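This briefing looks at selected elements of the structure shown below, grouped by topic. Please read it alongside the sequence and the coordinates.

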Amino acid sequence: MNLATTYDSAMKQGRVQQDATVPAVAVEDLHKSFGSLRVLSGISLSVSRGETLAVLGRSGTGKSVLLRLIIGLVEPDSGSIHINGQDIAGLALDRMGEIRKKMGFLFQHAALYDSLTVAENVAFPLTHHRREMSRSERADWVGQLLAEVGLESGDLEKMPSDISGGMQKRVGLARALTLEPEILLLDEPTAGLDPISSGEINELILKLQRERQMASIVVTHDLHSARTIADRLALLSEGNVVIEGTFKDLQRSDIEFVKKFLELS
Amino acid sequence: MSVPGFTAVAGNPPIPEPQTGLLSAIAISATRVFSGFFEWFGSLGIFSWRILKAAVTPPYEWRELIRQLDEIGSKSFPLVALAGSAIGVVISLEARYSLSRFGAKSLFPATLVYSVIQVMGPVITGLVVSGRVGAGIGAELASMRVTEQIDAIEASAINPYRFLAATRILACILMLPLLTLAADACGLLTGWLAQALVEPLSFHQFIESGFSGGTFNAFLPPTFKTAVFGLIIGLIACFQGMNTRGGAAGVGRAATNSVVLASLFLILADVVLVKFILVFFP
């Protein structure tokens with residue numbers, strides 16, 4: 001029995017409290033292919049509570065696949081993924097659900113439920129996981145969340161198709177925060193937005209991170225956004241991490257690909 | 001130097017390319033069709049198992065189930081009633097003509113009742129619901145799949161097999177027998193009306209004559225076999241929808257395939273179920 005399994009066992013029995021030195025998300029030697037297309041070739045990285053890691057790279061380098069692997073929507077071919085020290089490989093759907101309650105995911109196009117209103121979208125996780133809440137408590141909670149992401153009470157009853165892309169992202173972010181997650185995964189939060197809206201989303205992410213101290217992984221190809229919100233950056237190329245560090249580390253790098261990426265961004 | 005039928009690799013002798021004649025091509029295509037056939041059934045089997053596991057473990061999605069009962073049941077009622085009414089008139093007209101030729105007009109009520117309740121009512125209800133509900137579920141779930149809404153449900157720690165599929169399939173199973181009863185009732189009513197307009201026949205006399213000599217065994221099994229039709233419609237539509245790929249074209253394919261495959265399997269199941277009923281409910 002290896003250390004990870006012993007730790008998992010102890011965690012489940014409540015004999016071990018969440019260790020501050022254990023990363024919130026730890027990915028080791030992750031491989032993933034789709035048919036003959038190899039997307040990830042041995043990625044390793046980790047993120048701790050209160051830290052934001054930006055994952056950068058060209059389109060098609062597996063950035064979004066990495067997030068989907070972490071939240072368990074996709075199974076890796078090999079490698080390990082630990083969430084708060086617990087190995088999530090091969091977990092059944094319902095057991096994975098317990099881990100997902102501690103995670104929030106903002107999809108690239110928000111993925112709002114188009115048959116529900118803005119308020120119902122944000123309340124959706126609450127109606128399933130906080131059944132003890134009364135309707136008014138739920139409404140208050142949703143109202144506070146939407147105010148936190150900069151939406152007004154007049155937007156609550158609108159349908160997703162009636163609001164702008166930037167507002168959809170904010171609603172998606174509010175929904176991701178509904179269950180007060182410890183880990184936040186953001187897939188291209190500023191994609192498709194104008195510079196002003198992008199700046200507002202960046203500020204919002206920074207504010208939320210300061211207040212909630214989550215472990216956040218942001219996938220983006222927007223270097224400016226990454227510099228603004230992330231503590232560390234990881235640059236992917238051909239399924240591997242080419243460099244990981246602060247923005248200054250990237251600027252000091254002699255690696256040709258890194259120099260080209262920074263120059264053209 | 002290139003040689004037809006050989007692949008050149010620098011520094012190596014030419015490698016002969018495999019020659020595919022007509023028979024080889026047919027064999028390859030047939031293999032693909034057969035393996036695709038078994039893969040489809042295998043995937044459907046895995047999907048069914050996941051839904052069954054999700055359906056029998058809490059927390060149960062009662063609110064969503066009730067919503068689907070309304071969506072599938074009460075909103076299909078007008079269409080099913082119309083279809084049943086039309087069938088009643090058609091059988092009435094055809095039966096009167098045929099029975100008159102053989103001097104068996106007195107058998108008209110029983111002919112209509114047995115034709116509607118045992119044969120036409122269940123099949124027509126199944127096909128109508130397959131078209132309306134099958135296409136609706138297939139398109140809705142396919143659209144949710146391609147816009148990542150199902151992924152969002154799963155990422156919110158909600159089991160999509162329980163919330164989306166099990167509720168819809170259970171609603172189809174519960175509603176089909178009730179809709180069939182509605183179609184049967186409308187069919188018998190309009191069938192009687194079509195006859196009564198030509199030859200006076202009281203409704204009381206029609207019902208008494210039509211159901212005489214019959215027991216519950218003659219009428220209940222054909223009605224409840226539609227629960228199996230509901231299972232087929234719900235399962236195929238959910239499977240097609242939740243496994244969609246390919247954007248808008250994929251959504252269209254899912255909706256079409258849901259209807260076509262559900263209708264096909266429904267008709268095949270009817271053949272098996274009729275035999276089953278004749279053996280176990282003689």
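In this predicted model, strand 9 (residues 232–237) of chain A and strand 10 (residues 240–245) of chain A run antiparallel and are joined by 5 bridges.

**Hairpins of chain A**

- In the hairpin of strand 1 of chain A and strand 2 of chain A, where 2 residues sit between the strands, the positive phi belongs to A:G35 and is near 65 degrees.

**Composition and overall dimensions of chain B**

- Chain B contains 10 helices and 2 strands, and the order along its sequence is β-β-α-α-α-α-α-α-α-α-α-α.
- The radius of gyration of chain B is 26 Å, whereas a compact globule of 282 residues would have one near 19 Å.
- The C-alpha trace of chain B spans about 95 × 50 × 35 Å along its principal axes.

**Helix 9 and helix 10 of chain B**

- Helix 9 (residues 226–242) of chain B packs with helix 10 (residues 247–280) of chain B at an angle of about 150 degrees, the two axes being 9 Å apart; because angles over 145 degrees count as roughly antiparallel, helix 9 of chain B is roughly antiparallel to helix 10 of chain B.
- The crossing in which helix 9 of chain B passes helix 10 of chain B is right-handed.
- Residues of helix 9 of chain B, including B:V228, B:F229, B:I232 and B:I236, meet residues of helix 10 of chain B, among them B:L261, B:F265, B:L266 and B:L273.
- By class, this contact of helix 9 of chain B with helix 10 of chain B comprises 13 nonpolar and 4 polar residues, with no charged residues.

**Contact between the chains**

- On the side of chain B, 12 residues are in contact with 16 residues of chain A.
- The side of chain B that touches chain A divides by class into 4 nonpolar, 5 polar and 3 charged residues.

How values were computed:
Residues are numbered from 1 along each chain as its sequence is written. Chains are lettered from A and ligands numbered from 1 in the order in which they are written. This is a predicted model: local features need pLDDT of at least 70, side-chain atom pairs count only at pLDDT 80 or more; totals for chains, interfaces and linings use all residues. Axes are lines fitted to C-alpha atoms, for helices over the stretch in contact, and angles run from 0 to 180 degrees between N-to-C directions. Helices (H or I, at least four residues) and strands (E, at least two) are DSSP runs, numbered from the N terminus. Angles under 35 degrees count as roughly parallel, over 145 as roughly antiparallel, 65 to 115 as roughly perpendicular and the rest as oblique. A crossing is left-handed if the near helix is turned anticlockwise from the far one by less than a right angle, and right-handed if clockwise. Two residues are in contact if their C-beta atoms, placed from the backbone, lie within 7 Å. Ala, Val, Leu, Ile, Met, Phe, Trp, Tyr, Cys and Pro count as nonpolar, Asp, Glu, Lys and Arg as charged, and the others, Gly among them, as polar. Two strands pair if DSSP finds at least two bridges between them. The radius of gyration is taken over C-alpha atoms; the globule rule is 2.2 Å times the number of residues to the power 0.38.
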